[in-house]
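Here is a short report on a cavity, a disulfide and a helix pair. Please read it alongside the model.

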Amino acid sequence: MKWQGRRGSSNVEDRRGSGGGGGKLVGGGIGGIILVVVVTLLSGGNVGDILGNLTSGGTTTSNAPYQETAEEQELAQFVSVVLADTEDVWSDLFAQQGMTYTDPTLVLYSGSVNSACGTASSAVGPFYCPGDSKLYIDLSFYDELQQRFKAPGDFAMAYVIAHEVGHHVQTLLGTTKQLDSLRRSLSETEYNKYQVRFELQADYLAGVWANHAQGMNLLEEGDLEEALTAASAVGDDTIQKQAQGYAVPDSFTHGTSEQRKRWFYKGFNNGTITGGDTFNAAEL
């Protein structure tokens, strides 16, 4: 992706080097993808509950300034540029619909972090909290993408950020609130089905952003493949099979590898907010 020397976002909050206190994390994300394994091992428990169990704990703080490496500095600049691009794209798309887009804030942290949704450790992966309209990411996830998930490349990371921004778009459109209302009235298995559609819609919205990034001549050869590889790598079925040799569809919360690739690519081809109604799609 062509990003060097371009505008970065002013909506980046750097909390690296400071710890988070105890609490329960409940938020949308690419979304606790590492913990899908744990969810499976615990017989398909609710992702929000599992995250709460793993991220709650005592308060830790640090007053020492964070010493970033040259690689981390470059990656921080990269995610800032990607965030700025999402701001431009979604501001334009919302304006075309007669709406106003409100920029989210991206929080960089290391180890653990407090959010309006509770406290999270970096083990949960990048996530979005609708309570404070902030994206949270530990930049070490870039190494996780390359090494554990075999999804290298800067545009793989851009896909992750665009997916979390997709959750912000869903919050602004009221979709997140509608999903939350279902949590109280459905069984866990039935709710998971809606959660999958919610996450696939965020993948679609990430694809919409990628379409416009291509239109701005920002994509380089191989970028689209990097995003599709990342989407495939974080499918529920792939992660569960890697962890224990088989998948449990009733515990899926983000969609299969094929579904995640399909909806990202559909958004990439369409480039519009409409067309991403995963909730009413006959087939995912």
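## Cavity, disulfide and helix packing

The lining of the largest cavity divides into 7 nonpolar residues, no polar ones and 1 charged. Here Ala, Val, Leu, Ile, Met, Phe, Trp, Tyr, Cys and Pro count as nonpolar, Asp, Glu, Lys and Arg as charged, and the others, Gly among them, as polar. This is a predicted model: local features need pLDDT of at least 70, side-chain atom pairs count only at pLDDT 80 or more, and totals for chains, interfaces and linings use all residues. Residues are numbered from 1 along each chain as its sequence is written, and side-chain values use heavy atoms, with hydrogens and water left out.

The lining residues are Leu106, Pro126, Leu135, Tyr136, Ile137, Val160, Ile161 and Glu164. A cavity is a set of points, on a 1 Å grid over the protein atoms alone, where a 1.4 Å probe fits but cannot get out; lining residues have an atom within 4 Å of a point. The volume is about 40 Å³, taken as the space filled by probe spheres set on the points, which are joined across faces, edges and corners.

Cysteine 117 and cysteine 129 form a disulfide, with sulfur atoms 2.1 Å apart; the cut-off is within 2.5 Å. The S-S torsion is about 95°, so this disulfide is right-handed. Cysteine 117 sits in the loop between strand 4 and strand 5, and cysteine 129 in strand 6, so the pair ties together parts 12 residues apart in sequence.

Helix 8 (residues 223–233) meets helix 10 (residues 257–270) through residues including Leu224 and Phe264; contact means heavy atoms within 4.5 Å.

Conventions:
Axes are lines fitted to C-alpha atoms, for helices over the stretch in contact, and angles run from 0 to 180 degrees between N-to-C directions. Helices (H or I, at least four residues) and strands (E, at least two) are DSSP runs, numbered from the N terminus. On a 1 Å grid over the protein atoms alone, a cavity is a set of points where a 1.4 Å probe fits but cannot get out, and a pocket is an open set with protein on both sides within 12 Å along at least five of seven lines; lining residues have an atom within 4 Å of a point.
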